Structure formats: C-alpha cells, structure tokens
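Visitor: I am new to this structure and would like to know how its terms are applied. Please show it to me.

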Amino acid sequence: MLETEICQMKMRNPTALAAGVLGSTAASLNWAARSGAGAVVTKSFGTEPNKGYPNPTTVEVEGGIINAIGLSNPGVESIQAELKKLEGNVPQIASVYGSTPEEFASVASQVENLVDALELNVSCPHAMEGCGASIGQDPELTHQFVKAVKKKVDIPVIAKLTPNVTDIVEIAQAAESAGADALTLINSLGPGMRIDLETAHPILSNRFGGMSGPAIKPIALRCVYQTYQNVKIPIIGVGGVTNHQDLVEFLYSGARCVQIGTAVMYHGLEVFQEIATGLEKFMNEKNYQTVEEMVGLAHQ
Ligand SMILES: Cc1cc2nc3c(=O)[nH]c(=O)nc-3n(C[C@H](O)[C@H](O)[C@H](O)COP(=O)(O)O)c2cc1C
C-alpha cells in the first residue's frame, strides 16, 4: 500500500533520509534504512576531503535551524569505502558536488557502481565559491552540469534544486532538458543568519547559512506544486517534513516521495516509521489504495 517508485527504484514507503543528515557513514545510512526509511541519500561529497567551516555550523531558529556546514566531507575515496558497506535493502542515492561539470561527472562516475542513483547538489546556499547554489541559480549552468553527468553515467541522475531563485520552474526545466531523471525540491532556504546578543557577532562562523525545518515547508510545497505543473519528470519533495500530514501535503502537491532532514535531528530515526504508520492509517481512513493515486491531487 505504501510502496512508491522513483526512477524505477522501488521504495517500500515514500520517505527517504535527506542529504547531509547522518549520511556520512555506512553505519548511519544502514541504521536509517533499518529504522524504516524508504531510501537513503548520502551527505554530499566531492573529489577531495573538505573540512567545511569551523564551529558553530548550526544554530536554532524559530521553526527550524540554520546550517553552514560548508559541505564538509571525507572525499570520494573514503565515501567509496563506506558505500561498499551499505546493506542495500533500500534504494541508495549518492549526493555529489563539484565546481566544474567535469568534476561533478568524475565524482559521479567514481560511485556509479555502488549506488542506485545520483543526486546532484547544485543548490547548497553556503558552499565555497563556485560549488553551490550559484550553479542552481542559473539555468544554463544547471543544464551544463546535469548534461555533463548524464553523459558520463548510466544510473538515474536527480538534480537537487535551490528555492533561492526568482523562478524555480525555469531551473527545473533546464535540468529536465539536460536529461535529469528526477528533481529533488528543495535544498535549504536563504541564506539567513542569527546574531549573538552578548557579543553582537553573527552566531555562525560563516555568518550566513541555509534554513531548514518546518518553517520552510510552505515554500518547498509551492516549489513542488509549481514545478509539477511544468515538468514531466518525477519530483522528490523535501523541506520541513515532520509528520505524515506534511508528507500527504507534498504528495498532493505533486511529489512522489519526500526526504526528511531536520526532523531526524529533532525526533530521531524513529520518525520514518512513525510517518509511514501515520500515512497508512490516513490512507485507510480516506480509502486510498496506493500512494500513486495521491500524487498531484492538489492540481485537480
Ligand atoms: C545539517 C544539515 C546538513 C545538510 N547537508 C546537505 C548536503 O550535504 N547536501 C544537500 O544536498 N543538502 C544538505 N542539506 C539540506 C537537506 O538535505 C534538505 O534539503 C533541507 O534541510 C530541507 O529539508 P528538512 O527541512 O527536512 O531538513 C543539509 C541540511 C542540514 C540541516
């Protein structure tokens, strides 16, 4: 009843671990899968190890958190070793980044045989110059980067987009026309900031960071809704999902499944099973037989 499919990957329920939250090691990815996630996405990684920004890298705000981790990761070689240890009982998606189309394609091809799909992080709002949202804010760059990866790999390529643009549809269509097999909407919102009252300094070492959690859900939903009307490829929704009601809203707006990040930090990995159980109850009450029939209902 809860099964869904994205890019021919079968998911037992429409929830997935979002990139960046607990996804740096095989142990944590396997744990998420064992806890009920329908799929898992790794932390974004690039060619070389990257220390990211010094602490503090996260700060709480009303309705969520702001983070500026700076894409810290151990680099593709270490990640390869972790990916080999994945249990493989749910679809495994590797999130990759790079500063040129060639770098992106090279990282992608180095893990192609170890995962079921790739998610291209062209949307990090606090990445080093050239690696993040600057790609996903420009339709031509988005097209170039997606195309380069598509040319190099045979597994499905999912483009993860930033909401920090004037027109998300334009970017989504650029990714689709470059051959993206699916879209993930959205990466964190912003950038935003908080200032310490005692020191009068910005709290995050990078000063600015991307916002996530319940407060960004309305924007994520709108991005999914608008994009659904204008592309043919499937959409994965992400942003503020905390309970099954949030998931249902994303399905209605046009997403085939959701990813969950901040809620895992607040509520633990149990959140996947809780949401799946809640969804099943909701579907029984409303007489839905499949997740599929709920997708896009808000467009009637
Ligand atoms: C601590 C933290 C680290 C993140 N790291 C990544 C990352 O490495 N790559 C990426 O594409 N998104 C990253 N994200 C963004 C999430 O995958 C997700 O798009 C965003 O947080 C919105 O979902 P949420 O409200 O469920 O957290 C990160 C988010 C958080 C909170």
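Guide: Helices (H or I, at least four residues) and strands (E, at least two) are DSSP runs, numbered from the N terminus. Proline 191 lies in strand S11, residues 189-192. This is a predicted model, in which local features need pLDDT of at least 70 and side-chain atom pairs count only at pLDDT 80 or more, while totals for chains, interfaces and linings use all residues. Residues are numbered from 1 along each chain as its sequence is written, and side-chain values use heavy atoms, with hydrogens and water left out.

Visitor: What makes the peptide bond from glycine 190 to proline 191 worth a remark?

Guide: That bond is cis, with omega near 5°. Most peptide bonds are trans. Another cis bond joins asparagine 55 and proline 56, with omega about -5°. Proline 56 is in the loop between S4 and S5, and serine 44 lies in that loop, between strand S4 (39-41) and strand S5 (58-61).

Visitor: Which residues come nearest to the ligand?

Guide: A residue counts as near if one of its heavy atoms lies within 4 Å of the molecule. Of the 21 residues around the ligand, the nearest are Ala19, Ser44, Lys160, Gly240 and Thr262. By class, the shell has eight nonpolar, eleven polar and two charged residues. Here Ala, Val, Leu, Ile, Met, Phe, Trp, Tyr, Cys and Pro count as nonpolar, Asp, Glu, Lys and Arg as charged, and the others, Gly among them, as polar.

Visitor: How do you know where the ligand sits?

Guide: A molecule sits in a pocket if more than half of its atoms lie within 2 Å of the pocket's grid points. By that test, the ligand sits in the largest pocket. On a 1 Å grid over the protein atoms alone, a pocket is an open set of points where a 1.4 Å probe fits, with protein on both sides within 12 Å along at least five of seven lines.

Technical notes:
On a 1 Å grid over the protein atoms alone, a cavity is a set of points where a 1.4 Å probe fits but cannot get out, and a pocket is an open set with protein on both sides within 12 Å along at least five of seven lines; lining residues have an atom within 4 Å of a point.
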